[in-house]
Amino acid sequence: MAELDIGKHCQVESCNQKDFLPFVCDCCRGVFCLVHRSRESHLCSEEPVKRTTQGEDGTRSYPCSFQDCKGKELLPVICPQCEKHFCLAHRHQDDHHCEKLEVQKPRMAATKELVQKIIESKDGSKSKGRRGAKNSATAAKVALMKLKLHAAGDKGLPQTERTYFQVYLPKESKDSSKPMFFCSKWSVGKVVDYAASLASLKNNNTLFLSQKLRLCHPQTGEAFQMDDTLLSILAHPEAPLYNGGDVILEYLDNECTGLENVAEYIT
């Protein structure tokens, strides 16, 4: 039959005696034997905290340790972090300003702060015209973090297949642009149709008309071929698009190959 392990060893190193009825210090919460149970005998490093008071009727009460609070409880209400007594009104860490409370930043606060600082630092460069490929890639990475918070799209798409754009809409639209995401495997034609539906745009691309809705490059103004895939134009070596970058959606004449002035859309 297995032996029962009853009792605990005294935490005074020079003693270490096993006591079957050990004592727990009210201040340091250490475990001690009968000889070292007092604060003086085990050289307690913690200051004593007021624990209980006794009323005129002989009942015990536990006063609140919060500064200037005169509340008392009939039963002990101890904070598991700082191990002090409090009344019900101050029992939570926030309420008694617990010395061991860890204050955490709100979710995404640090990321949003970083994005805002980078965007503000780049405000002065907006009037410099077209950005180089390196600057566009860097700006797209910053914009991507912001786009992911607000972009509209098919929520069923896997994260690994999503491509995010700030889509600048036709001039007559009530909104200048909208953040959207698409499947990277889609053709440009499907991207145009889906973007038109999200922005509630008139789309007659299936009809034989003089104008069609086209997706255009944000810097060159070139209209992408409808049968090209997002993957192919994202990987284009000369004038690539970027995940998190800009694209322009506009109605163009059938013989038109692109926009003449992209600055009218992106300022």
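The pLDDT is the predictor's confidence in each residue, on a scale from 0 to 100. For this protein its mean is 81, and 81% of the residues reach 70 or more. The model is predicted: local features need pLDDT of at least 70 and side-chain atom pairs count only at pLDDT 80 or more, while totals for chains, interfaces and linings use all residues. Residues are numbered from 1 along each chain as its sequence is written, and side-chain values use heavy atoms, leaving out hydrogens and water.

**Confidence**
- Over residues 125-131 the pLDDT is below 50, and this stretch has five contacts (heavy atoms within 4.5 Å) beyond near neighbours in sequence.
- Where pLDDT is low, the predicted coordinates should not be read in detail.

**Cysteines**
- With a disulfide defined as a pair of cysteine sulfur atoms within 2.5 Å, the count is zero.
- The sulfur of Cys 15 lies 3.8 Å from that of Cys 33, its closest cysteine sulfur, which is too far for a bond.
- Cys 79 is likewise in no disulfide, as the nearest cysteine sulfur, in Cys 82, is 3.7 Å away.
- Cys 79 is buried at 2% relative accessible area, whereas Cys 15 is partly exposed at 23% (buried is under 20%, exposed over 50%, partly exposed in between, with a 1.4 Å probe and protein chains only).

**Helix α3**
- Helices (H or I, at least four residues) and strands (E, at least two) are DSSP runs, numbered from the N terminus.
- In α3, residues 188-198, the buried residues are Val 188, Gly 189, Val 191, Val 192, Ala 195 and Ala 196.
- Their cover includes β9 (177-183), β10 (211-216), α4 (230-234) and β11 (245-253).
- Just after α3, Ser 200 has a positive phi of about 55°.
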